[in-house]
Amino acid sequence: MKDLGFGYRRYVIGGVAVLIVVIYTLRLFMLQITSDDYKKSADSNAFFKKVEYPSRGNITDRNGKLMVFNQPSYDIMVVMNEIRNRLDTARFCEVMGISREEFDRRMETIKDRSRNPGYSRYTQQLFMSQLSDKDFSVLQEKMFRFPGFYVQKRTVRQYSYPLAAHVLGDVAEVSPADIEEDDYYQPGDYIGKLGVERKYEKALRGEKGIQILLRDAHGRIQGRYQDGALDRRAVPGKNLTLSIDLELQKLGERLLEGKIGSIVAIEPSTGEVLCMVSSPSYDPRMMVGRQRSKNHRLLSQDVWKPLLNRSIMGQYPPGSTFKTTQGLTFMTEGIINSQTMYSCAHGFNFKGLHVGCHGHAAPLPLVPALSTSCNGYFCWGLYHMIGNKKKYGSVQNAMNTWRDYMVSMGFGYKLGIDLPGEKRGLIPNAQFYDNAYRGSWNGLTIISIAIGQGEVNATPLQIANLGATIANRGYYYVPHVVRKVQGEPLDTTYTSRHYTMADKAAYDFVVQGMRSSVLGGTCHELGKYDFVACGKTGTAQNKGHDHSVFMGFAPMDEPRIAVAVYVENGGWGATYGVPIGGLIMEQYLKGKLSEASEAKAQTIQEKRIAYGTADR
């Protein structure tokens, strides 16, 4: 028994000894191989890795006018491991012009891994950002007194004009989510937040460089490690050329002063966006420097939502501009031909349902129906299409065929413009109405969609794209605001044609109707110009005052510009939509406004629409 007990204890003691050896071995492995804490500590003592930040790409308009550029700024960086107990905190706070409480708050924020997930005590962390040249000149000669603190040269964005804020966007410090998404970024880096600054971030930002500097035992820089053999130069960001015409943008922003709405102009032959105005707007220079956070907060709290890009985010009833899509669909589907006439007794009247219309001659065919913007004509067309069971078999099939036409014309889904935040609008389908009416509905139930009301919603960009599609007689390019990226071909997304389901012959009649509208219909004010314009008004019904809408293009046979104007609570389409659309066309086609047109622009600029907070 004694021998057995001794043998058992021997195995236990041996097992414990082996376990201790294994634990020490694993710990040594973790410290020397898996963990890089000691390596970082050694590297931190021997080397100083200085990041070189690239200059961000410049942005110009289509004519080469500089819109966004860079100016030098300076960040104060700190390496926590180098401070230890050597910092004269009171003196440092005095030099920096901050309180001890603010110093402590900044240091705690740096060490808080929930807000700064990339924190390491061995690497540079951002202490204070975007010091001006003046502030830097005061600090430069005193920084040597504060071990662990360094000055990092950066660049800060500058905007040449108080224009195109929604297109350009802005740049700000990265968030924890940005760092987690892309390991290129470190705390204190900057990233595009909105507009083309965000969409083209990877092209604009360039690539960081790095200098590896050698320290002595006292932490003093002795020069470049291996004479710079391992250094990497920063690669500047690529320049962008926008499709925006700065003078056209300036005019558009003038015309929408004191109003809520949007202007979008597109070059039909390329899909390039010539101007994109969203009102109210803001000066992009407010989003630069150390006041950015404060200004952004004020803008985000503004009840009129100046940060909202209504051109691509506003979802509105397109009103009578939508009648062009109906004419194209009905004619291509054989519901009507160029001679089909419908009655309009001050509107559509059938089985107790009345959709009102203004007075005009009736009955009438397609071309004058577009010219006079007849509600009755297009309501009859939709009723006959949705109710044609011989052709479609059911209202559901008819409805989905209608939906397919609308989608092919660029409605119901995002067009894919190169800006973040685009909305899709709404084009209902059969399932939508089956759910809404439990399967019991017909053409009369949904009649208002024929005139761009009811459930139909579109963005101003989609309405402008409709104008470009009609100008091209049946195809469009995906609208885009960047014309060229330095050293890169334009993405094929923006160079491919998208054809609609409508026949070219149908487009020819719709163009005739839009031209007739200019010659003697609801767009007659455009007939005063010496270029051949085509247009379609819209008066979109609203809970309050109606919205004023216009869609058109010019010249008729060799179109260079398509325009959509949307003014919330602006009344008739001819009140604001047509005059603004005409001025935009003239500015782009002629290069400037005539004396009479400039006077008209001044009058429109000075007009203010009274909005109540209930309108928001």
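**View 1. Aromatic pairs in the predicted model.** The structure holds 23 aromatic pairs. Rings of Phe, Tyr and Trp (its six-membered ring) pair if their centres lie within 6.5 Å; planes under 30 degrees apart count as stacked, over 60 as edge-to-face and the rest as tilted. The rings of tyrosine 184 and tyrosine 185 are edge-to-face, because their planes stand at 85°, with centres 5.1 Å apart. Tyrosine 184 and tyrosine 185 are both buried (under 20% relative accessible area, where exposed means over 50% and partly exposed in between, with a 1.4 Å probe and protein chains only). This is a predicted model, in which local features need pLDDT of at least 70 and side-chain atom pairs count only at pLDDT 80 or more, while totals for chains, interfaces and linings use all residues. Residues are numbered from 1 along each chain as its sequence is written, and side-chain values use heavy atoms, with hydrogens and water left out.

**View 2. The ring pair of phenylalanine 348 and tryptophan 380.** The ring centres of phenylalanine 348 and tryptophan 380 are 4.6 Å apart and the planes are at 70°, so this pair is edge-to-face. Phenylalanine 348 belongs to strand 13 (residues 347–350) and tryptophan 380 to helix 15, so the pair ties together parts 32 residues apart in sequence. Helices (H or I, at least four residues) and strands (E, at least two) are DSSP runs, numbered from the N terminus. Phenylalanine 348 is buried, at a relative accessible area of 0%; tryptophan 380 also counts as buried, at 13%.

**View 3. A phenylalanine cluster.** Phe92, Phe103, Phe127, Phe146 and Phe149 are linked into a cluster by ring pairs.

**View 4. Helix 13 packed with helix 15.** The axes of helix 13 (residues 323–332) and helix 15 (residues 375–386) are 10 Å apart, at an angle of about 45°. Axes are lines fitted to C-alpha atoms, for helices over the stretch in contact, and angles run from 0 to 180 degrees between N-to-C directions. Helix 13 is therefore oblique to helix 15 (under 35 degrees is roughly parallel, over 145 roughly antiparallel, 65 to 115 roughly perpendicular, and the rest oblique). In the contact (heavy atoms within 4.5 Å), helix 13 contributes Lys323, Gln326, Gly327, Thr329 and Phe330, and helix 15 contributes Asn375, Phe378, Gly381, Leu382 and Met385.

**View 5. Surroundings of helix 13.** Ten of the ten residues of helix 13 are buried, so this helix is largely enclosed by the rest of the structure. Glycine 334 follows helix 13 and has a positive phi, near 80°.
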